[in-house]
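Work through the following exercises with the sequence and the coordinates open. Each task is followed by a stepwise solution.

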Amino acid sequence: MTVFQDGTSGLPRDDRPVIVTVGTFDGVHRGHWSVLDEIGARAAARAGRSVLVTFDPHPLQIIRPQAAPKMLTTMDEKKVVLAGSRLDYVVFLAFTPELREYSPRCFVTEILIGGLGMSELVIGYDHGFGRGRSGNVETLRAIGAELDFAVDVVEAVHAGEAAISSSSIRRALAEGRLADANRGLGRPYPITGTVVPGDGRGRELGFPTANLRVHGADKLVPREGIYACYVTVPAGRFMGALHIGPRPTFPGVGDAVEVFLLDFDGELYGCEIRVELVERLRPVAAFDSADELAEQMRADVRRTRKALAG
């Protein structure tokens, strides 16, 4: 998979058919994967190339900033996930005020056909692009009939009775329903960040934690709580117990995202690490003493081992 962060500039052109999908693809969840699998299969069957056109920043940050959602994936996290797909190319298109004004026909002719040489467009069932999201399935099929490219629609993927969507996953994370969020994603929810100095309270309790400065100002951090997780650091992958939110046992101490790595001994200051949330163990609670908190942390570590044993 080759990534282009400057739009379609530099994308090679030849006579092979180009199968394209377009969308924000925040989270790259199971519904997104069904679309990616479809364009990969179609490209392979036609000896063509598969291309995802996605946006940075999220369009709502330009259209209605006050309504822009927190993001499930940063650009770098999205690249990591997409690297496991069958895509040949990913184009990150800067969503600008100018692009906002493109009509669906202009977007198709200038970017998808003019920039990519698109021969077939595959979209999700609820997709829309162009000014006011007016480029829905019917509009795109009419443009396709006029300009001679096929438009195919991939149906929704469901978790239970509900269709999987980025919005439903955001709600689940905000409400602490990590299992539902991970079910929609098809994998543990990730947080990446840089380890920064903390106040040393974890070390005093016998549980030295890595304090994270989370990457991405608009990254969605799940509901406060204690989570069992996996942590990838330069030395490898370890089990971890993650704390998100306030630390009420110590008055005046601020919120934190901090993780204790099981069976790890070393310094991580300045390192970039990746945390994958597997299970929410409990909400944050206040304790009468540091000793009570340390006892609870020992219990959290035991529950973490159990949760990750499989």
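Buried means under 20% relative accessible area, exposed over 50%, and partly exposed in between. The model is predicted.

**Exercise 1.** Classify Arg46 as buried, partly exposed or exposed, then describe its salt bridge with Glu120.

Solution.
1. Arg46 has 40% relative accessibility, so this residue counts as partly exposed.
2. The closest N and O atoms of Glu120 and Arg46 are 2.9 Å apart.
3. Glu120 belongs to strand S5 (residues 120-124), whereas Arg46 sits in the loop between H1 and strand S3 (49-56); the two are 74 residues apart.
4. Glu120 is buried, at a relative accessible area of 4%.
5. Both residues belong to a salt-bridge network that also includes Glu38, Arg42 and Asp152.

**Exercise 2.** Find which parts of the chain the salt bridge between Arg170 and Asp26 ties together.

Solution.
1. In this salt bridge the closest N and O atoms are 2.8 Å apart.
2. Arg170 lies in helix H7 (residues 166-174) and Asp26 in the loop between strand S2 (18-22) and helix H1 (30-45), so the bridge joins parts 144 residues apart in sequence.
3. Arg170 has a relative accessible area of 12% and is therefore buried.
4. Asp26 is buried too, at 2% relative accessibility.

**Exercise 3.** Describe the surroundings of Arg187.

Solution.
1. Arg187 is in the loop between helix H8 (178-185) and strand S9 (189-196).
2. Its relative accessible area is 18%, so Arg187 is buried.
3. Beyond four places in sequence, the contacts of Arg187 include Gly27, Trp33 and Val81.
4. A polar side-chain atom of Arg187 lies 3.2 Å from the backbone oxygen of Leu185.

Terms used:
Residues are numbered from 1 along each chain as its sequence is written. This is a predicted model: local features need pLDDT of at least 70, side-chain atom pairs count only at pLDDT 80 or more; totals for chains, interfaces and linings use all residues. Side-chain values use heavy atoms; hydrogens and water are left out. Helices (H or I, at least four residues) and strands (E, at least two) are DSSP runs, numbered from the N terminus. Buried means under 20% relative accessible area, exposed over 50%, partly exposed in between (1.4 Å probe, protein chains only). Contact means heavy atoms within 4.5 Å. A polar contact is a pair of N or O atoms within 3.5 Å; within protein, one must be able to donate a hydrogen and the other to accept it, and residues adjacent in sequence count only if both atoms are side-chain atoms. A salt bridge is a side-chain nitrogen of Lys or Arg within 4 Å of a carboxyl oxygen of Asp or Glu.
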